[in-house]
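User: I have a model open and would like to go through it with you. Could you walk me through the ligand site and the charged pairs?

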Amino acid sequence: MLRMNDAPGSWSNWAGNVTCRPGRVEYATTAIEVADVLRRARDAGRRVRPVGSGHSFTPCAETDDVMLDVAAMTGLDGVEHLEAAPPGARPETCARVWVRAGTTLGALNSVLASLGLAMPNLGDVDGQTLAGAVSTGTHGTGLHFTGLAGFVSALRLVLADGSLVECSREEQSDLFHAALVGLGAFGVVVALRVDCVPAFRMRAEERPESLDAVLDRIETFPTEADHVEFFWFPGTDRVAAKFNTRLAADDDSGRPLPAWRRRLEDELLSNDLYEGVNRLGATMPRLVPALNAISARSLSARTYTAASADVFVSPRRVRFRETEYALPIEAAGEVVRELRRELDRRRMPVTFPLEVRFAGADDAWLSTGFERRNVYVAAHQYVRADHRAYFEVVEDVFAAYEGRPHWGKMHRLDAARLGELYPRFADACRVRAQVDPDGLLRNPYLDRVLGPIDA
Ligand SMILES: Cc1cc2nc3c(=O)[nH]c(=O)nc-3n(C[C@H](O)[C@H](O)[C@H](O)COP(=O)(O)OP(=O)(O)OC[C@H]3O[C@@H](n4cnc5c(N)ncnc54)[C@H](O)[C@@H]3O)c2cc1C
């Protein structure tokens, strides 16, 4: 049943850096209700923004008009088990699963596990909705894996005129390639067809290393396991390196992480105590180098085995702001060396490590991975500390390497620059003008990053 709230309070994203006061919030549970919301808004001359879990750091879902919440559109709409992987899909693909847009990644992982299935790859957390995550190009790490959008083979969308369309690489392929990482600018996604793989386990190996040791082998580093990443604490030479190796679902060769160790390391050290470290650093920035040295020294090696989602995802309760760019993988070493030079020179008071990940190319026109293998470099700053000078420095470095910013993370680029970074940008804008000529789904962030609608 369609619910609405005509006098909603203010809305804020996960990080608290974007707040707005929507004129109305509509809660849709079906595609028909989504179409009804869009038609009524259009007739009343209003604008609409779909919203997921609000985990984006950019004002992509912000609105002072109609906010369309699809959080109640959850669960599966159908499962097709396959004899063989369809053309273009990962070779181990064994099922195509229609997932409703508001399903969180956490809920999706649970339901897939109950079917003996899994997402091929995931990012760090699972609170995002599938539609929100895919719409902004959410990714994890793994040179032979794309971001989440690369596993989506079809979309059901309600367009601005209220019509329901299904698109894929075969059907309405321009709409599919434009709308897949589409920021909710091409229509409201009501369901996504995900190409899933058999459930699998992973062996996680985490160990401290020196930054120089990683940089010395940066060309081969991403191939040292299926999913590789590292975190570098600015002002130190220490990194926390993570190597995750895929295992069969029935592989019982490894040991799980003891519950006490998970509580100690992932809850207490990485969250509760870390909050205290960050608070101290924010109030006394001169302590930051010493705090980072302690954080970096507290890293210890560990190896454990668990279900894939339990290795990919970890709790992140310390709130931060983030910028992240995708850069050509060949530039990885140069970019990290230059960041080290710039950050060391300025002695920036940053208590969060830089996160460095790798991913393969995909074919979504607005995906950071469009036809390019990337290194992803993310800078985080604690919410109570000023992020501006820090993000400016890292963005200046990224700018020199054709950096494509994550659509859901803070950045300063506009449509003119993004048009140079995405070869099919103009095609995406053409499709947008066809499906939303009157700008029903516009907001100021979309105006900035996609430009005016040229119908
Ligand atoms: C703690 C934390 C960890 C993170 N980790 C990662 C990570 O590891 N990797 C990574 O790449 N990113 C990561 N992110 C970023 C996050 O994945 C993205 O910002 C994602 O978009 C958030 O999903 P959401 O459901 O919160 O969407 P929202 O932020 O609510 O919305 C995102 C965009 O999607 C649009 N949208 C939402 N629903 C629909 C719909 N049904 N139809 C059409 N458009 C829609 C919105 O209009 C908006 O433009 C992280 C963010 C946080 C806060």
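Analyst: The notes below cover the basis of the model, then the ligand, the salt bridges and a few backbone points.

User: What is this model, and which atoms count?

Analyst: This is a predicted model, in which local features need pLDDT of at least 70 and side-chain atom pairs count only at pLDDT 80 or more, while totals for chains, interfaces and linings use all residues. Residues are numbered from 1 along each chain as its sequence is written, and side-chain values use heavy atoms, with hydrogens and water left out.

User: Ok, ligand first. Which residues come nearest to it?

Analyst: Of the 35 residues around the ligand, P50, H55, S56, T129 and T136 come nearest, where a residue counts as near if one of its heavy atoms lies within 4 Å of the molecule.

User: And which element gives the most to that shell?

Analyst: Helix 3 gives the most, with 4 residues, and strand 5 (48-51), helix 3 and strand 12 (188-198) each supply at least two. Helices (H or I, at least four residues) and strands (E, at least two) are DSSP runs numbered from the N terminus.

User: Which backbone atoms lie 2.9 Å from a ligand oxygen?

Analyst: A backbone N or O atom of S53 lies 2.9 Å from an oxygen atom of the ligand, a backbone N or O atom of D124 lies 2.9 Å from a ligand oxygen, and a polar backbone atom of G132 is 2.9 Å from one. Taken alone the ligand exposes 970 Å², and the protein buries 99% of that, with areas taken from the Shrake-Rupley method with a 1.4 Å probe.

User: D124 came up there. Which residue does D124 form a salt bridge with?

Analyst: D124 forms a salt bridge with R316, and the closest N and O atoms are 3.0 Å apart; the term stands for a side-chain nitrogen of Lys or Arg within 4 Å of a carboxyl oxygen of Asp or Glu. The pair links distant parts of the chain, 192 residues apart, with D124 in the loop between strand 9 (117-118) and helix 3 (130-135) and R316 in the loop between helix 8 (308-312) and strand 17 (320-328).

User: Why would such side chains pair at all?

Analyst: Side chains of opposite charge can pair when their charged atoms come close.

User: Is D124 buried or exposed?

Analyst: D124 counts as buried at 13% relative accessibility, whereas R316 counts as partly exposed at 25%. Buried means under 20% relative accessible area, exposed over 50%, and partly exposed in between, with a 1.4 Å probe and protein chains only.

User: How many salt bridges does the structure hold?

Analyst: The structure holds 34 salt bridges. One of them joins E209 and R217, whose closest N and O atoms are 2.9 Å apart; E209 is buried at 11% relative accessibility, and R217 is partly exposed at 21%. Elsewhere, salt bridges that share partners join D124, R316, E322, E324, E355, R357 and K409 into one network.

User: Switching topic, where is L183, and what is its phi?

Analyst: L183 is found in the loop between helix 4 (173-179) and strand 12, and its phi is near 55 degrees, a positive value in a residue other than glycine. L183 counts as buried, at 4% relative accessibility.

User: What about R347, buried or exposed?

Analyst: R347 is exposed, with a relative accessible area of 71%. R347 lies in the loop between helix 9 (332-346) and strand 18 (354-359), and its phi, near 45 degrees, is a positive value in a residue other than glycine.

Notes: Polar contact = N/O pair within 3.5 Å; in protein donor to acceptor, adjacent residues only side chain to side chain.
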